[in-house]
Amino acid sequence: MAAGIPASIRPAKAPRLDAATLQQAFAGTDAAGRFAALRAAAPGRIVFTTSFGLEDQVLTYLIVESGLPVDFVTLDTGRLFPEVYALWAQTEARYGIVIAPFYPRNDALQLFVRQNGINGFYGSRDARKGCCDIRKVEPLGRALAGAEIWITGLRADQSAARGGAAFAEVDAVRGLLKVNPLLDWSRDEALAFAKANAVPLNPLHGRGFVSIGCQPCTRAIQPGEPERAGRWWWEDDAAKECGLHVGADGRPRRSASAEAQA
Ligand code: SF4
């Protein structure tokens, strides 16, 4: 069984679309062409999960420009930076879209906080993963229910763990195709695109917050540090993912070194 994914949200169906076909179509074109390829594939429900980071803001622009019918959703963990909430409102107003929130289940969260404390995720890796499961992974399952395509802002050079990702890959746990249109973009390319197209960005990016997650679990990074070094900085590299992104085997995506330690 995949870690962190409740059996109740794991569909039995396999995606209808072929990952290899989309992978090939994406490899030979630019971002706009990738959305055109998705339109041509005429899939069922498409969901884009945004956390309002640089890549997600670029994707929001590209999706709106493409006219692709996409459900915009976000996972409101309840522990986000104030700047994220401000950018959420700004993005909806800018593009005339609704970004639907998915929240943790009350009962599970109340029990977790009662048992572990409001900041109990600092206490152990299990507690941190438990918090991510309740605040992110379980709500993501509900957000993706019935979807055939899941669009993410994942880039290959964000971390070693993400280097093995593909433009289109089967998420066997959730029974859909995960599509990563910015997979081969660098951070500088994304920044340049955002600037050229007046894409609204989180002001925290200018203060060293490169990868932005929940406020208590994110710090600014120093020049030369890996992009995701500011996420769960008190843990070693073996656990630098929250369980949202899984490989074809249904296991959380991790680096080769982390696999060796497992
Ligand atoms: S990132 Fe931190 S606060 Fe957010 S869900 Fe995970 S452990 Fe909890």
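Strands β1 and β2 pair in the parallel sense over three bridges, where strands count as paired if DSSP finds at least two bridges between them. Helices (H or I, at least four residues) and strands (E, at least two) are DSSP runs, numbered from the N terminus. The model is a predicted one, in which local features need pLDDT of at least 70 and side-chain atom pairs count only at pLDDT 80 or more, while totals for chains, interfaces and linings use all residues. Residues are numbered from 1 along each chain as its sequence is written, and side-chain values use heavy atoms, with hydrogens and water left out.

Strand β2 (residues 71–75) is in turn joined to β3 by three bridges, and the two run parallel. Thr-74 stands opposite Pro-101 in β3.

Taken as a whole, the sheet is open and holds six strands in the order β3-β2-β1-β4-β6-β5, with mixed pairing. Strands β3 (100–102) and β5 (168–171) stand at the edges; each has a single partner strand, so one side of each is left without a neighbour in the sheet. Neighbouring strands are turned by 30 degrees against each other on average, direction ignored. Helix α3 (residues 54–66) packs on the sheet and touches β1 (46–49), β2 and β4 (149–151), its direction making about 150 degrees with that of β1. For these angles, axes are lines fitted to C-alpha atoms, for helices over the stretch in contact, and values run from 0 to 180 degrees between N-to-C directions.

Of the 262 residues in the chain, 54% are buried. Among contacts (heavy atoms within 4.5 Å) with a separation of 6 or more, 70% link residues 24 or more positions apart. The accessible surface, from the Shrake-Rupley method with a 1.4 Å probe, comes to about 11500 Å², and carbon and sulfur atoms hold 55% of this area.

The nonpolar interior comes next. A nonpolar core is a set of buried Ala, Val, Leu, Ile, Met, Phe, Trp, Tyr and Cys residues joined through side-chain atoms within 4.5 Å. The largest has 46 residues, of which Leu-22, Phe-35, Leu-38, Val-58, Leu-62, Ile-149 and Ile-151 touch the most other members. Elements giving two or more residues to this core are α1 (19–27), α2, β1, α3, α4 (82–95), β4, β6 (176–179) and α7 (187–196). Helix α3 provides the largest share, six residues. Leaving aside neighbours within four places in sequence, Leu-62 is in contact with Ala-31, Phe-35, Leu-182 and Phe-193. A second, separate core of twelve residues includes Val-73, Val-137, Ala-143 and Leu-176.

Two arginines are worth a look too. Arg-34, in helix α2 (residues 31–41), counts as buried because its relative accessibility is 3%. Its side chain reaches the backbone oxygen of Thr-29 at 3.1 Å. Beyond its neighbours within four places in sequence, Arg-34 is in contact with Phe-26, Thr-29, Phe-167, Pro-181, Asp-184 and Trp-185. Arg-128 sits in helix α6 (residues 125–143) and, at 1% relative accessibility, also counts as buried. The side chains of Arg-128 and Glu-235 are joined by a polar contact of 2.9 Å; such a contact is a pair of N or O atoms within 3.5 Å, where within protein one must be able to donate a hydrogen and the other to accept it, and residues adjacent in sequence count only if both atoms are side-chain atoms.

Ala-198 has a positive phi of about 50 degrees although it is not a glycine. Trp-232 lies in the loop between α7 and α8 as well, and its phi is near 45 degrees, a positive value in a residue other than glycine. With a relative accessible area of 1%, Trp-232 is buried.

Technical notes: Buried < 20%, exposed > 50% of the residue type's maximum accessible area, 1.4 Å probe, protein only.
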